[in-house]
Amino acid sequence: MENISNIWPVFTYAVVIALLLACMLGLSAITGTRRDGRAMGRSMSMAFESGIVPTGSAHLRLSVQYYLVAMFFVIFDVETGILLTWATVVTETGWGGYAAAVVFTAFLALSLAYLWRAGALDWGPRVRPYQIPDTRKDHAA
């Protein structure tokens, strides 16, 4: 059974977080604006508009680059999280853990190289190669 003295820091942390959440929710309930009845208006009953009358459609067409940046961020954010977690236990994992981290990093580096080579990172306008017109055909007659 776990020694009770080892649980006190976790319990204290949980209590502090619960108090912080209660304070945040309580303050937002006290200081938040409220409108009832006619003062609420037509726009306050609409979702996600914050009291502003909508001026158009909320449907946007985002470019593919937006989603690519989001995917790259998630991929490399997860890589950073895993490697930082591994770094805290590197002495316990030994050479096996080091080899796994190297393989993981190499796999992600190869994935990045593939995406780069495939043109997933080329977002600017594509430059067409300029072809010099062949003038010899005109003068050969």
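Let me begin with Tyr98, which at 42% relative accessibility counts as partly exposed, a class lying between buried, under 20% relative accessible area, and exposed, over 50%, with a 1.4 Å probe and protein chains only. What we are looking at is a predicted model, in which local features need pLDDT of at least 70 and side-chain atom pairs count only at pLDDT 80 or more, while totals for chains, interfaces and linings use all residues. Residues are numbered from 1 along each chain as its sequence is written, and side-chain values use heavy atoms, with hydrogens and water left out.

Tyr98 belongs to an aromatic pair with Trp86: the ring centres are 6.4 Å apart and the planes stand at 40 degrees, so the pair is tilted. The rule here is that rings of Phe, Tyr and Trp, the last by its six-membered ring, pair if their centres lie within 6.5 Å, with planes under 30 degrees apart counted as stacked, over 60 as edge-to-face and the rest as tilted. This pair links distant parts of the chain, since Trp86 sits in helix H2 and Tyr98 in helix H3, 12 residues apart; helices here are DSSP runs of H or I, at least four residues, numbered from the N terminus. Trp86 is also partly exposed, with a relative accessible area of 22%, and together with Trp95 and Tyr98 it forms one aromatic cluster.

The contact, meaning heavy atoms within 4.5 Å, is made by residues including Phe72, Ile75, Phe76 and Trp86 of H2 and Tyr98, Phe104, Leu108 and Leu112 of H3. By class, the contact of H2 with H3 has 14 nonpolar, four polar and two charged residues.

Ile75, in helix H2, is partly exposed at 36% relative accessibility, and Ile75 and Leu112 are 37 residues apart in sequence and 9.9 Å apart in space, C-alpha to C-alpha.

Finally, back to the rings: by the pairing rule the count comes to four aromatic pairs. In one of them, Tyr66 and Tyr67, the ring centres are 5.3 Å apart and the planes at 85 degrees, so that pair is edge-to-face, and Tyr67, at 46% relative accessibility, counts as partly exposed.

Notes: Helices (H or I, at least four residues) and strands (E, at least two) are DSSP runs, numbered from the N terminus. Ala, Val, Leu, Ile, Met, Phe, Trp, Tyr, Cys and Pro count as nonpolar, Asp, Glu, Lys and Arg as charged, and the others, Gly among them, as polar.
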